[in-house]
Amino acid sequence: MSLDKIARNQYGDALYAVLGPLAHRIASEDWDVYAKQAEFERLRRGEKTDASLVTYSLLKPSLLSGFATVTIASACMTETTLFRLWSAMGATMKPVGAGLRKDLRYTEHEHGDRITIYFASHEAWSKRFRDRAVEDATGAEVRILDRIRQAIANLIGDEPFVWMGNKDLDDGFFGLAKAERLPNTPHGLNTYQGYHAVVVLSALNPPPAHFHFMEAHGVSGEELRTGCYRTAVYQAVMRCSIRNPADTTPKRVVVMDRDTAEWLGALFPGAAVVPLPGLGALPSKGKAGRPRQHADAAAKTRAYRDVQARKLLAQLDLINGTSLICASYPLLAEQVRGEMREFVRDDIPSKEGEYVTPLPAASATTCGTAYLSKYDSMPFEHFIHYDDDGFIAELRDLHDRRVLKEESGMFSPAHFDPSKAADNGRGLDNIVHLRGIWLDNDGGDLTHAAFADLFPYLRIVVWNTASSTAAAPRWRAFIPTTYAYSLDVLALIMAQIVKVLNREGYWGKKQLEKQAKRSNTKPGLCHGFDEGKFNGAAMFYLPVQARVAEDSFFIDYGADNPKRGPLDLHAWIEHCILDLRPEPEPVRSEKVIALPVPAIAPAQTSAPAVKKRQVSVKLQAARDAIAARDAHLGADRRAALIEKAVQDWRMTPRGSGHAAFFKLAAALNRAGVDLGGIQDKLWEEAAYGNSPRERRGEIKDILKSLGRRGTLAGGSARSNHWWN
């Protein structure tokens, strides 16, 4: 039986109807047909086991041979798979002439400023990812798609909208009367132009084998994904009022992944591309398959280090009320919370006249505790953290004072809660959280300028102590941090700083004493830091003028340097330079002696005696005044800084977009916005530039540059290799 006869199927045979299209392509000169060699050989041998055959067929430009001209009409023509494939085959396709173009409604989209494009995920969209079950804050499992559905409902509210989704979603998926479903092939339909919001849930990905096949023929995976999926998203989006250039109503578009949102944003110059609000962080897809066991000791160490880093990141979440780790690992969060010293409180009854500091809100908004003198156990003030610039400005103002050191006041980067522990008011057990790193240098071989050079991406503020002189300078340093943090995180940071100092040849006094005992050891340099103040409960005198005014200094390394920023706690934890290793397994003794289990004492039922802590009326009045002031600042100050940064960017003259866009990112960082928030804001603000596509293309490099701010990346001239 010939292929031509099967292809013609003259008598309407049912089997030939199935085989006919394939037979036609194989016999045609205008098609190239491919099959997997193993499957094809099994078919030829007549084997019945695994006797399936998958073919791939490519239409060639030779189909159009003999025509003088051929016009192909398509939306997003240069993005279609046909265009990419034929271009890879060597065919040349040109835009149509002006005569035909003048009859088109538009050739480029305008009024993109009317459109806001929301995206749900940073991951490529697929049905498998869509249906993945994740745990919510309560530990219950919920599909990613269901979380997205709720976020969309909250965003759109009562506004009518159209939506498109895969066939396995029923028409009542949203459960909203004003949600109108689009056909899965909505090309050219004009009946939905009264809608101003559109949602595309569809996952339209070819099988993985298709990607490999097309890549072998000059079409990349991204080009194939665009041709199959994104152009279909575009067709759905164009059913709403965006189709009508005269409609001035603001439009909202919701797509499932960021890459598609960016691609759409490039088609509508001026459109804002922003994350879908109210959704939270979605998990990464990860790799399929069972996790591998530890192959060797190195793998075991890496796994241990990952676990420790995850716990420390969870501590940051619990302190700051964030969900970087806790959202994905709620059980780990509960475990870590139970182990944290910051969340343990003595059972102290509240009595009239006692000073009881309430626990801070979920977001740790304070940056330390001030005391009138080193003898006080009751705080004078908890400093509210507005932003780094505001706090540093307060330190600078304090530095202008000419008072005795004993009258300058004391400060700790810890938030102390006197009611948290019975035995002390400002001990380690009273700490709720810490923010910022404070260091006290009593004089050594390390100057503050050299110290700043060791950390070229950290913002470091230094000032003189009261006893500092030009001949024997003594100084304190403050390093802002991106978040509040825990005692465990402080220990990690201080250990890393010491390791950097040691690598550069600077040592502490105890280390030098040990070196001195070794006669063959070359004497090292002393860094001069008071290591006794590396603990969380350490107190520091607030800035004042030196005894000799000319010996005073207050230097902000980073005030005019956008490359310097606050210490990025997440980056320091994730890229810890310390050699964190699991504890060695205990050696089993040759003889095991069974010891009796001690009896457990019954729990104490009566509350322990607590010394009554009184507060003077004047001191309490001062606290109340400070609290009233802080209530009107903070959030307003940060919002004003962000607004100013955005306004400066939007007023950028033509030709200055590149530098101004980076300046916007640095200003947002200074205002306290984290890298994730900066990334989202840059995507949104790129639409206001003269070249939105160029600005969006710069975001990755800008974030990479900003990502070095607050990290150990780089180093001094003597060593640029900090990483293990």
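How do strand S11 and S12 pair, and over how many bridges? Strand S11 (residues 366-371) joins S12 in the antiparallel sense over 3 bridges. Two strands count as paired if DSSP finds at least two bridges between them. Strands (E, at least two residues) and helices (H or I, at least four) are DSSP runs, numbered from the N terminus. The model is predicted: local features need pLDDT of at least 70, side-chain atom pairs count only at pLDDT 80 or more, and totals for chains, interfaces and linings use all residues. Residues are numbered from 1 along each chain as its sequence is written, and side-chain values use heavy atoms, with hydrogens and water left out.

Strand S3 (residues 115-121) has parallel partners. With strand S9 (residues 251-257), S3 forms 6 bridges in the parallel sense. Ser-121 has Asp-257 of S9 as its bridge partner. Strand S10 (residues 272-275) also runs parallel to S3, joined by 4 bridges. Here Ile-117 stands opposite Val-273. Of the 7 residues of S3, 6 are buried (under 20% relative accessible area; exposed is over 50%, partly exposed in between; 1.4 Å probe, protein chains only).

The axes of helix H20 (residues 657-670) and helix H21 (residues 675-685) come within 10 Å and cross at roughly 145 degrees. Axes are lines fitted to C-alpha atoms, for helices over the stretch in contact, and angles run from 0 to 180 degrees between N-to-C directions. The contact (heavy atoms within 4.5 Å) includes Phe-661 and Leu-664 of H20 and Ile-678 and Leu-682 of H21.

The whole structure holds 24 aromatic pairs. Rings of Phe, Tyr and Trp (its six-membered ring) pair if their centres lie within 6.5 Å; planes under 30 degrees apart are stacked, over 60 edge-to-face and the rest tilted. Tyr-34 and Phe-213 are edge-to-face, because their planes lie at 65 degrees, with ring centres 5.3 Å apart. Tyr-34 lies in strand S1 (residues 31-35) and Phe-213 in helix H8 (residues 208-215), 179 residues apart. Tyr-34 is partly exposed at 32% relative accessible area, whereas Phe-213 is buried at 12%. One aromatic cluster is formed by Phe-383, Phe-391, Phe-411, Trp-438, Trp-463, Phe-478, Phe-540 and Phe-554.
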